[in-house]
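Subject: A structure for you to look at

Hi there,

Here is the structure I promised to pass on. Have a look at it first, and then read my notes below.

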Amino acid sequence: MSAKQSAKQNAAHKNNYAPLIIILAVLVAAVAAVWWMLRRDDSASSTPAARPTQTTNTPSSATPASGSAGPTSGNNNQPGGAQSAQTSAIAPGPPGAQPPRVRGADSAAVTLEEFGDYQCPPCGRVHPVLNKIERDYAGRVRIIFRHLPLQSIHKNASLAARAAEAAGIQGRFWEMHDKLYEHQEQWSEALDPRPLFAAYAAEIKIDVEKFKSDIDKPLTSSRIIADLQRADGLRVSGTPTIYLNGRLLTAEQTLEEAKLRAEIEAAVAAAGKGR
Amino acid sequence: MSARESVGEGIADEASDGSNATRRARLRDAITAAVALVGLADALYLTVEHLSGRSVICIATTGCDKVLQSDYATLPGDLPLAALGALAYFTVFSLATLSAFGYRAARPLLTTVVALMFASTLWLLYLQAFVLKAFCSYCLLSAAVTTTLLALVLARRFLTRRD
């Protein structure tokens with residue numbers, strides 16, 4: 001073998017490692033990316049992939065308003081309890097709609113703050129769990145609902161949020177909230193869900209004509225915008241997202257009832273009110 | 001002769017060839033590997049979102065939830081179908097990279113894997129169009145990537161012979 005051939009052969013052998021190094025580097029990068037994305041869910045420092053999209057979710061007919069622009073008494077179906085709920089045990093950030101939509105006792109030791117989208121299937125699955133939790137921990141847990149309609153993927157989500165707020169103006173926010181989740185499949189893909197929402201309004205016994213009028217009012221939209229601004233400030237990118245006493249729960253803790261209950265149990269016990 | 005020596009000789013053979021045809025074939029392999037990386041990123045994102053169980057941001061279409069949360073999106077053992085896709089794209093990337101560096105044994109395997117992926121893609125497109133009646137933009141991107149991979153692999157196979 002000549003010196004030239006030998007040199008070529010040596011060069012070829014050295015090159016043998018190059019593809020393996022490249023493949024290994026991509027494998028490591030892929031594993032690291034998955035680890036980072038899963039971890040992102042577990043920490044408050046998530047990096048939303050489409051936050052600009054969320055800001056465009058806001059109803060176009062509305063003008064951004066301060067959190068205090070929303071309705072006051074009665075709209076959260078819990079007069080008097082709302083203001084203190086939003087000032088304690090929630091994550092620091094933009095205030096969101098004021099007063100917030102709160103269900104549960106004002107004196108509760110545990111506050112769950114949910115960012116939800118009425119058209120999001122996982123939110124629909126979490127909804128009965130949260131209702132059960134509220135019943136099981138009556139007096140010890142309260143739930144704040146924040147609107148985060150992901151309009152880019154859920155075409156009727158913003159309108160549904162406005163329907164809930166419109167019902168809230170007549171003091172039936174939670175009734176409409178429950179209706180929207182319970183009948184999610186019925187209206188989600190409807191070309192025009194308004195007649196269905198009007199039917200729900202009739203079922204929860206509110207003034208349907210006023211409801212139809214309120215659904216498009218800037219006042220209704222302004223509360224949703226305020227909630228979106230809070231979601232944006234907290235860098236919440238997906239739904240459902242739940243904070244427990246201001247601490248972001250992981251996706252597993254949010255979606256698995258046993259884990260969610262374990263977190264609540266621990267928080268209740270920590271507050272010295274465990275059973 | 002060890003496998004490494006055999007491979008080394010293969011590389012030396014191709015290196016000594018040095019023809020434009022070989023260079024073009026290697027360029028196609030490199031492009032195949034790069035396209036597979038796009039598919040890998042897409043599939044990894046879907047895998048993570050599937051595991052998180054949350055709604056994903058869907059681009060241009062509105063059927064992501066319906067598709068990604070259907071029974072077809074999960075394999076036995078609760079394994080996301082997207083994870084299998086990620087594995088397939090990584091395999092294609094690896095084989096294309098090896099082929100670009102002269103590992104001839106990788107080429108028939110690369111063609112076979114891409115052909116299987118394309119067949120799976122056709123099946124998944126059928127499910128979206130006729131069974132679920134909803135389209136997920138990430139799945140459509142994956143279909144486009146797999147179709148591109150098939151075109152590249154076929155080009156490698158037939159154009160290189162012609163060259």
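Let's start with a question: is A:Q151 buried or exposed? A:Q151 is buried, because 20 other C-beta atoms lie within 10 Å. (A residue is buried if 20 or more other C-beta atoms lie within 10 Å of its own, exposed if 12 or fewer, and partly exposed in between, with C-beta atoms placed from the backbone.)

Before you go on, please note that this is a predicted model, where local features need pLDDT of at least 70, side-chain atom pairs count only at pLDDT 80 or more, and totals for chains, interfaces and linings use all residues. Residues are numbered from 1 along each chain as its sequence is written, while chains are lettered from A and ligands numbered from 1 in the order in which they are written.

**The whole chain**
Chain A has 13 helices and five strands; these are DSSP runs, numbered from the N terminus (helices are H or I, at least four residues; strands are E, at least two). Of its 275 residues, 47% count as buried.

**The sheet**
The five strands form an open sheet in chain A with mixed pairing, in the order β1-β3-β2-β4-β5. (Two strands pair if DSSP finds at least two bridges between them.) In chain A, β1 (101-103) and β5 (247-248) stand at the edges with a single partner strand each, so one side of each has no neighbour in the sheet. β1(A) and β3 (residues 141-147) of chain A run antiparallel and are joined by three bridges. For A:R101, the bridge partner in β3(A) is A:F145.

A:Q151 and A:D117 are 34 residues apart in sequence, and their C-alpha atoms are 9.0 Å apart in space.

**Helix α6**
A:A166 belongs to helix α6 of chain A. This residue is buried, because 26 other C-beta atoms lie within 10 Å. Leaving out residues up to four places away in sequence, A:A166 touches A:F211, A:D214, A:I215 and A:T220. (Two residues are in contact if their C-beta atoms, placed from the backbone, lie within 7 Å.) A:A166 and A:K210 are 44 residues apart in sequence and 8.5 Å apart in space, C-alpha to C-alpha.

Happy exploring!
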